[in-house]
Amino acid sequence: MMSGQDIDQMEVMNFQKLAHELLPGGASFESCIACGLCASGCPASGFYGMDPRRFIRMAMLGLNEELSRTPWVWTCTQCKRCQYVCPMSIDVSVLVAAARSNWPKAKVPKGIMRSCDAQLRDVSTSAMGVRSEDFVEIVEETAEELRGSDRRFADIKVPVDKKGAEFIINQNSREPAAEPEELAPLWKIFDYVGADWTYASKGWAAENFCMFTGDDELWKQMVKTRVDAINELGCKTWINTECGHSFYTIWKGVERFGLKADFEAGSLVSYYAKWIREGKLPVNSDWNRDNLKFTLQDPCQLVRKSIGDPVADDLRFVARTLVGEDNFIDMQPGGNANYCCGGGGGFLQAGMSEQRRAYGRRKFDQIATTKADYVLTPCHNCHSQMEDLGEFYGGQYRVVHFWTLICLSLGILGPDERKYLGPDLAGIGLET
Amino acid sequence: MSGHQGAKRHYETEVLIIGGGVTGTGIMRDLALRGIHSLLIDRQDLNAGASGGNHGLLHSGGRYVAADAETAAECRAESELLKRLAPECIDPCGGLFVAVEGDDPEFAARFPDHCAVAGIPCEEISPTEARKMEPALSEKVYAAYQVPDATVDPFRLTLQNVNHARRLGFGDFLPHMGVEGFDIEGGELKAARCRDLRSGEEVLISARQIVNAGGAWAMNIARLAGCADVNLIYSKGTLIVSNTRLSQRVVNRLRLPGDGDILVPGGTVSLLGTSSVTIEDPDDARPTIAEVDKILAEGAVMMPPLADTRFIRAFSGVRPLLMASGAAEDGRKASRGFSLITHEDQNLSNFVTIAGGKLTTFRLMAEKTGDLVAQRLGNSAPCATHTVPLPTENAVGWTEPGFAARDWYQRADASDMILCECEMTPQSAVDAIVSDAPGSEHHMSLQAIALRSRVGKGACQGAFCAMRVTSHLYDRGIYDSPEGLELMRDFVTERFKGVRPVLWGRQLPQMELAETLHCGLTGLDLLGAKKPGSGRAS
Amino acid sequence: MKRELRRVETGLAIIGAGLAGFAASIFALRRGLDTAQLGHTGAIAYTTGYFDLLGVMDGRVLDEPWAGLDALREAEPAHPFARLGNDEIREAFEIFTDAISDMGIAYSKPGDHNLSALLPSGVAKPTLSVPATMLPGVEAFRTGAKTLIVDFPGLQGFSATEFKVNFAASWPALSVCRIEFPGFEGQQLYPEVLARSLEAPHGREPLAEKIRAVLDGAEYVGLPAVLGMHAPDEVHADMERRIGARLFEIPTIPPAVPGIRLREMFERELPRRGLVLVPQLKVSRSELGADGAVHHLQGPLEDLEISARATLLATGRFLSGGLYADQAGLRETLLGLPVVQPSGRDNWYRRDYLDPRGHQLNRAGLETDAQFRPLDAAGAPVNPRLFAAGAVLAHQDWVRQRCGAGLAIAAAYGAVKAAAEMLNGSA
């Protein structure tokens, strides 16, 4: 990916010093006992001769040039599993981010940099180039189609920039850019529970490739655009859609850059769980007549790196309710200890397919062990990566969003909103 | 070499050199370059004494300018030679001399003049500049001078000395060979009566000349030959090793040498030293907790972050100091730093002891010894060690800190399994040492491999690598009996001597884990303990 | 946006996520206590998987641990084992091994004699209970059965040859074979990764096939511990069936499977049994009061405040962070409790590392009374609602005495019992 000359021109960072500055006292590289639990538990171990322990050891040996230049930092998804299993809680991902920041923009994997550049081009902050006005138009058109095609939703409101709405929600660019029909299930859910919600025309996009470049300034700029837009609308709660890193990027960005955010942050998953518990979303597993098996992928960014057990529990509660207690098979390990799928941290977009798939081999094995027909996940990166892994390794599973199953269970999933369902479910609820 | 005289092993050589330190190996190479064959023996292994127990400082001479201008000048000249002839053993990192509030300002002020007398380049820099160069320096530094100090890897130096002599076909090395006496006849030492300390076997070594380069043990060896003219005082010096490198340069305290006044980079680590304690027995040179605490307290005055640094081990060397009277009586004193004792006034014509001196001047000491031995043997070849570069090769390059890691990373060959993760030493390095490094003619143990590499020298201090290397040696057939576990036990026991005094803070969890692994997982504490009824148990 | 604060109220807070902590949770749940367990994993990750009760006394290997306990109470009256009778310790051990067998990792029933369990060095270890995946190795060794030991290139620190050479005198019928682990050729291997790959059904046959090909009439096959992670017994049985020989695991050096297996099982199963578990976060601060304690933890996004009417410290030693040492001495890290310790660093460690008597520092720790309540300098309980168990206790040397699991389980049992009596009495 880089020619020798380019690499030689890169600045050399002092990783020992950085570790000392960036990590807490008892959990810095200096506390490493070289046991290798991090490396053992890291799917990126072995690429380019590196692993988390080796990163620490090389930093301690002063191999700064090697660390400054190793492309391994783009295969580390910054999932923080190394920290999770380390008896000393040493977080290698912080230093990986620092190493990434050192790479000249021209040498950052193109998929990441291009996406970040696209995000910087418009206040939409969309990595797929959906501009603010386009988004508003797509939403309006799609809503109009929905109103026309389904009498039950003839009056559905899809507010944009509604000041003072209780909830403001972001939207992954994939839907408006490539599959607008996938926008509707979520709107239907909001409509079903009677939520007072809105989109923002600015900063609505739920992705942040700028964070993955390692450049704090770009990360900050991205978060600030979004936070300002939310502040401006005066909404009480920002709900993060079914996406992992877009949640982490906001709360962590607000904390890291000391931004002023006049709202609370919540995950859509937590609200699904809440609404189900409150009876507002009366979902059940009656639709699962064939007892299809489902498993669940915990997005690292949402679970281990953000909310932890409460959201892991919510995810399982929602999944179990939706698919039936006996039809839910947990992946092992799961929750906070779960493995990253290999799509995170920009890896999916970094163009290193061979390594990415080797990384994801562990996820594929985990999924295969459950013998599940479907994998549920509230994360677009996980979704795409697991689909790719299934295709590559010959898996028989499909990957679905929660919103698809919720609408399916509620009997409100439209015929064109079934892209991710297999033939076994494609006809459910359409018979009448 | 041939075995005869019944069951006893017998070797014949032109010159027997006793003592595998940097001086003994330097003499071996010096002689080999003159075409003289020597057999080098050591009771333990290479660098078992002061050559392995020092801070690896290649003196600019700055440290001696105030007390001993002649030694200082010698150091300067020799270190220039070594930088040119053995560059891969040397890190020309430079050095600083700093005075801290409370240190004698007059001493500091005289420093540049002293340097000038000894011909040592010395540049005054501002305290601010000094702190920019070495951020760990105390705010209380009030004077600073820059000198051309460097560091040297004494292990690599020794290995390369031996290796060069081997490759020239004029030198062999026998480790674990202790001298127990000499056969003396007609004013000559005819042979050394030795014992192979691993097998217990008696060994006879006949030689035309015998060189005593026994370092701190030189007096004991001389006495075995009936010579009472080597008089040594043993001064124990202790150093502590940090987990990482704390300064780029050698940092010296600008005062007369004392405890905790020098911090020397050792590639990837730093060494803080030293203490100076007179001891009775050179075999009793363990670092003590009191010494460590004292060195550290003093060192932290110069560099405050030392107080919060993780240290991974301590070690001691014994400086063999010549008693002035003995040296004076000899009359062939080569310099105030070292002494060549011919023993001719002890009625011996083929015995010589080289004593005193410094790591930096080892080549000069070897030259003077070589000159005498060559002259006695009627060999007129001149010394060549000041012009012939010291060659290196793969099997002797693994002691360099960081080398294995860089090398492995560049190759990133996963099938070349790393055995020591702290220092990233792979199995190929162990294999190269076992097959090619000096001493490989004999049974290589974990300890011997560690001496010739960085195995066991990182943060874990042998907790993991002892087990991994041992397994590898079993796989390679180097170990083929339960003795392999005993050798692992010996190795970790030896490492512990150095770890014990620095066990606090972040090194203690490491130790706790090591003990769990060595006892609970490997059963080393109960090797040989019998369980009623069945075989060995732990 | 502000940090969330989550408050949890509980009867018993167990601090520490090692064997003692998890054992305490099992006992507490069994007694019907409202229980929360907090803390970061420490040394449990490094276990062999063998559960020792008492394997060594005064450098002697014990065949009869129960008789050994009787002798220990005489010889070391301050040892934590001396606070309990054999019947209680046996009950505790049985409850514990039954519980984990029930949770997904079958263990052998603790018996009257120690077992000779196998170490990778080719040395036997006296222990009381072993995982079912390792038990056939104990039998094979005892009977001297014809056994094939398999190892894999790329797996650090595991040599079938080392195992064979060191067992050769007492177990001549050993043979060895090195095979490439299918799907991981030419790579550095981690037991954890191999174990997870065998968990997937498609991962098993390629390995089984390779082993079958080299079996050569062996009755038993020994492998490094890689037979699955969350369903080891299932993987073990399936592999035995595929290979057509009895199969056993041998522990490996860290990072090893048995510890990760136990940790993941506890984290998965105990919450299902009613435990409030906050794993992988360190308690940053605790306040002790007359009515109980408040423990503070910081998650990435939220703060946690756990109010508990009783607290049990199972925080371990230096590796797990329960104790910390500086040059001047030892301290207990969470509450600053007094630590019984040798005077001065010179007395911490003996000069000989492997001196069979062990080191004085190993016996440092918390002084407790018969109810496992930490004592202050004056010998009175620091707080009637505070208890301690496991390696943090003084007067034991679990590594040398081969009593780590026994100490964790017995002390947890005793401390939970005392805590339950206190809570029930005061409720």
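I began with strand β7 (residues 141–147) of chain B, where six of the seven residues are buried. I call a residue buried if 20 or more other C-beta atoms lie within 10 Å of its own, exposed if 12 or fewer, and partly exposed in between, with C-beta atoms placed from the backbone. Strands (E, at least two residues) and helices (H or I, at least four) are DSSP runs numbered from the N terminus.

I note that this is a predicted model, in which local features need pLDDT of at least 70 and side-chain atom pairs count only at pLDDT 80 or more, while totals for chains, interfaces and linings use all residues. Residues are numbered from 1 along each chain as its sequence is written, and chains are lettered from A and ligands numbered from 1 in the order in which they are written.

**Partners of β7(B)**

I looked up the pairing next, counting two strands as paired if DSSP finds at least two bridges between them. Strand β5 (residues 95–100) of chain B runs antiparallel to β7(B) and is joined to it by six bridges. In this pairing B:Val100 stands opposite B:Val141. Strand β6 (residues 123–125) of chain B is also antiparallel to β7(B), with three bridges, and there B:Ile125 faces B:Ala144.

**Domains of chain B**

I took domain bounds from an automatic or database domain assignment. For chain B this gives domain 1 (9–50 + 155–231 + 323–377), domain 2 (87–151 + 233–320) and domain 3 (394–526). The C-alpha centres of domain 1 and domain 2 of chain B are 31 Å apart. Their contact takes 12 residues from domain 1 of chain B and eight residues from domain 2 of chain B; residues are in contact if their C-beta atoms, placed from the backbone, lie within 7 Å. On the domain 1 side, α5 (154–168) and β20 (351–356) of chain B each give two or more residues, and the largest share, three residues, comes from α5(B).

**Contact of chains A and B**

I found 19 residues of chain A and 22 residues of chain B in the contact. Helix α4 (residues 52–60) of chain A gives the largest share of the chain A side, four residues.

**Domains and sheet of chain C**

I recorded domain 1 (4–105 + 260–426) and domain 2 (135–250) for chain C. Their C-alpha centres lie 34 Å apart, and seven residues of domain 1 of chain C are in contact with six residues of domain 2 of chain C.

I then traced an open sheet of four strands in chain C, paired in parallel in the order β8-β7-β9-β10. Strands β8 (174–178) and β10 (246–250) of chain C stand at the edges with a single partner strand each, so one side of each has no neighbour in the sheet. Strand β9 (residues 220–224) of chain C pairs with β10(C) over five bridges in the parallel sense, and C:Pro224 stands opposite C:Ile250.

**C:Thr147**

Is C:Thr147 buried or exposed? I found C:Thr147 buried, with 26 other C-beta atoms within 10 Å. C:Thr147 lies in strand β7 (residues 147–151) of chain C. Not counting residues up to four places away in sequence, C:Thr147 touches residues including C:Ala173, C:Leu174 and C:Tyr220. C:Thr147 and C:Gly42 are 105 residues apart in sequence and 35 Å apart in space, C-alpha to C-alpha.

Note on methods:
Two residues are in contact if their C-beta atoms, placed from the backbone, lie within 7 Å.
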